[in-house]
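Please find below my notes on the model you asked me to look over.

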Amino acid sequence: MPENPLIPDIAQRFDLDEAITMPENPKTRLEEVAGMVCDMPEVDQAAGSCSVCMESFGKSEEIARRVSCGHVYHHNCITNWLLNGNGDSCPLCRREISGRSMI
Ligand SMILES: [Zn+2]
Ligand SMILES: [Zn+2]
């Protein structure tokens with residue numbers, strides 16, 4: 001088996017300085033939020049409307065997620081809400097959100 005000639009090439013192009021300045025914790029806020037939202041239970045037939053975008057759940061194909069306080073939002077809406085510097089709080093009741101359901 002001949003060695004893959006691409007491997008040394010890639011190694012040379014690898015920027016060592018960039019590697020050194022990598023943050024110690026490479027987990028980004030985006031990954032943290034995505035993980036948290038994915039842990040929220042899906043709501044198949046959500047009633048009412050999402051308080052972030054004001055759309056009723058029946059209209060959209062988007063997944064509805066129930067946050068730990070019991071409020072329901074679209075998957076993307078709650079993701080964006082959490083990413084927009086709102087901390088881990090529910091848009092409606094401001095209770096702390098966790099991925100785990102308390103119900
Ligand atoms: Zn929404
Ligand atoms: Zn809430």
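1. Two strands are taken to pair if DSSP finds at least two bridges between them, and the elements themselves are DSSP runs numbered from the N terminus, with helices (H or I) of at least four residues and strands (E) of at least two. This is a predicted model, in which local features need pLDDT of at least 70 and side-chain atom pairs count only at pLDDT 80 or more, while totals for chains, interfaces and linings use all residues. Residues are numbered from 1 along each chain as its sequence is written, with chains lettered from A and ligands numbered from 1 in the order in which they are written.

2. On these terms the protein has four helices and three strands, which follow one another from the N terminus as α-α-α-β-β-β-α.

3. The three strands form an open sheet in the order β1-β2-β3, with antiparallel pairing; β1 (42–43) and β3 (72–74) are its edge strands, each pairing on one side only. Strand β2 (residues 64–66) is joined to β3 by three bridges, the two running antiparallel, and Ala64 stands opposite His74 in β3.

4. Among contacts between residues at least 6 apart in sequence, 47% join residues at least 24 apart.

5. A residue is called buried if 20 or more other C-beta atoms lie within 10 Å of its own, exposed if 12 or fewer, and partly exposed in between; by this count 17% of the 103 residues are buried. A nonpolar core is a set of buried Ala, Val, Leu, Ile, Met, Phe, Trp, Tyr and Cys residues joined through C-beta atoms within 7 Å. The largest such core has 14 residues, of which Val37, Val67, Tyr73, Cys77, Ile78, Trp81 and Leu82 touch the most other members. Two or more residues each come from α3 (29–39), β3 and α4, and α4 gives the most, with four.

6. Met54, in the loop between β1 and β2, has phi near 70°, a positive value in a residue other than glycine, and counts as exposed because it has 8 C-beta neighbours inside 10 Å. Arg94, in the segment after α4, likewise is not a glycine and has a positive phi of about 65°; Arg94 counts as exposed because it has 11 C-beta neighbours inside 10 Å.

Conventions
Two residues are in contact if their C-beta atoms, placed from the backbone, lie within 7 Å.
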